[in-house]
Amino acid sequence: MNLSQLAGARHQELFWVLLAAAAAALVFRLARPAERRSLRVAWVLLALALTAHALVALAPDTALGQVAHAATLLLGGLAVIQVAGMLVFRGLLPAVHVGLPRIAQDLAVTGLSVAWCLLWLRLSGVDPSQLFTTSAIITAVVAFSMQDTLGNVLGGVALQLDSSLRVGDWVRLDDTSGRVVDVRWRYTAIETRSRELVIVPNSWLMKNRFTVIRANGNAPLAWRRAIHFNIDPQAEPGKVTAALEQAVLDADIPHVLTNPAPSAILAEVESGYCRYALRYWLGDPQFDDPSDSAVRVHALAALERAGVQQGLPTEERLTIKDNENWRAAAARREFDRRVAAIRATELFARLPAIEQEALASHLVHAPFAAGDVMTRQGAVAHWLYLIIHGEAKVLVDGPGGTVQITTLHDGDVFGEMGMLTGEPRRATVVALTAVECYRLDKDGFGQVLKQRPEIAREVSAIAEARNASTAQRLLRAGAPPPPHGDLLARILHFFSTPA
């Protein structure tokens, strides 16, 4: 059956098909007013098809009637495809919560329209293959002149095929961030927080890097954010990080997640302040700015409650005289602090003031962070530590494994036998908190011992008493006890000092 026979035999049925398509389009228009502009092509095709159908009725047996028959069939088929595409992609699929980008509808409608046109040509007696052969040069010229457009089309198809970009994704590209609201033939539309619609060519997205923020598999979306605080360098880092993390956990901030838990780190140390980073997780990237603001408000309040001061960049301009005075005063304050540490230590508390000050002049500041190994069992180190502030645990490797034998606090000393006799460390000491220490090495103590050798007797007596207590702890842990013998003789031998 050729096209004329088909159109003539189904003339009445085609009229009802066109009316049914028009009725479906009208119902869809009333049900979905927001899609009224999408029906413009369908309305135009329906109007042209019905006009051609009317011409058939006016001149049924003329050449004009035959042309009108063919036009009715072609335009009617295209109109039905347009209406069906709208009903499926804009009506049925959204009703069952299936969201597809606009390009999927465009591809489906265009593919069906091309197939219908080829079928129409076949029914008209035209071989489509011959038509394509004779127009190959024209096709090549058109493709070359439209290479940018074709690049955008193919880019849009590729983005959808590999799911690298989907409607609803939050994306960042250069200085623009927003949600993908549509993917069309030529472009991808991104709506920013300011309700600006940014049009990005698909070919640009294929050639450049962009960031997509979406959920990973079935897990809910969790996007890590980082905000920074400048804190007084005198503040204890552990106290600051704990306050920042707890500020997020204790606050009920919309879209801010507590699982994964927030984390705070000391990011940088600058002149006059330390820069901390509070990393938290956000459930909706659209609310990044207000969420950052809310987290800052809660964090600042938590820091204030914890007594943590903000830090500011500092700059000092001193004359030479003022600078010398300032340095002298600072040095005196630090020296007084070291003397106080020596006097608070059991090992040196009974020494005369002049020897205490001499030892203080040889102290070296040695801070440790929580978790640091301050000394290790079996290591050889010729110095001792004076704990000024903080806590540390003492561990011993015994037959049953590692055992904690005691905890050191402010004013405690450890490692004295390594400095006095050179013997290996008897235990491992690990910082439980941030620990501030002073270190005294063999050379510093040796210079004082050289000036007054008799202090070796006083120090050895105290060390003997400490050794007895240490021996009991080691025996309870199953570790070998410290070596016996004349401690004073070992000290004098180690320092090459005559008795």
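Before looking up any strand, I noted how elements are named: helices (H or I, at least four residues) and strands (E, at least two) are DSSP runs, numbered from the N terminus. This is a predicted model, so I kept to its limits: local features need pLDDT of at least 70, side-chain atom pairs count only at pLDDT 80 or more, and totals for chains, interfaces and linings use all residues. Residues are numbered from 1 along each chain as its sequence is written, and side-chain values use heavy atoms, with hydrogens and water left out.

**Entry 1: Glu270**

I started with Glu270, which I found in strand E8 (residues 263–270). For my own reference, buried means under 20% relative accessible area, exposed over 50%, and partly exposed in between (1.4 Å probe, protein chains only). I also checked Glu270 against Leu312, 42 residues apart along the chain, and their C-alpha atoms are separated by 9.4 Å.

**Entry 2: salt bridges**

Side chains of opposite charge can pair when their charged atoms come close. How many salt bridges does the structure hold? I count nine.

One of them joins the side chains of Asp169 and Arg214, at 2.4 Å from N to O. Asp169 sits in the loop between helix H8 (147–161) and strand E1 (170–173), and Arg214 in the loop between strand E5 (211–213) and strand E6 (223–231), so the pair ties together parts that are 45 residues apart in sequence. Asp169 is buried, with 6% relative accessible area, while Arg214 is partly exposed at 27%.

I then turned to Glu436 and Arg337, whose closest N and O atoms are 2.6 Å apart in a salt bridge. Since Glu436 belongs to strand E17 (residues 435–441) and Arg337 to helix H12 (residues 320–343), the pair ties together parts that are 99 residues apart in sequence. Glu436 is partly exposed, at 21% relative accessible area, and Arg337 is partly exposed too, at 37%.

Glu423 and Arg426 also meet through their side chains, in a salt bridge of 2.6 Å, N to O. Glu423 counts as buried at 12% relative accessibility, and Arg426 is buried at 19%. Which residues make up the network of salt bridges around this pair? Glu423, Arg426 and Arg490 are the ones linked.

**Entry 3: two open sheets**

Strands of a sheet pair through backbone hydrogen bonds, either parallel or antiparallel. I took two strands as paired if DSSP finds at least two bridges between them.

Strand E13 (residues 392–398) pairs with E14 in the antiparallel sense over seven bridges, and I found Val396 opposite Val403 in E14.

Another open sheet of four strands runs E10-E17-E12-E15, again with antiparallel pairing. Strand E10 (364–368) and strand E15 (413–414) stand at the edges with a single partner strand each, so one side of each is left without a neighbour in the sheet. Strand E12 (residues 383–389) and E17 run antiparallel and are joined by six bridges. Which residue in E17 is the bridge partner of Ile387? I noted Cys437.

**Entry 4: aromatic pairs**

I searched the whole structure and found three aromatic pairs. Rings of Phe, Tyr and Trp (its six-membered ring) pair if their centres lie within 6.5 Å; planes under 30 degrees apart count as stacked, over 60 as edge-to-face and the rest as tilted. Phe348 and Phe445 make a tilted pair, 6.3 Å centre to centre with 40° between the planes. This pair links distant parts of the chain, 97 residues apart: Phe348 is in the loop between H12 and helix H13 (353–360), and Phe445 is in helix H15 (residues 442–451). Both Phe348 and Phe445 are buried. I also noted one aromatic cluster, formed by Phe368, Tyr385 and Phe414.

Conventions. A salt bridge is a side-chain nitrogen of Lys or Arg within 4 Å of a carboxyl oxygen of Asp or Glu.
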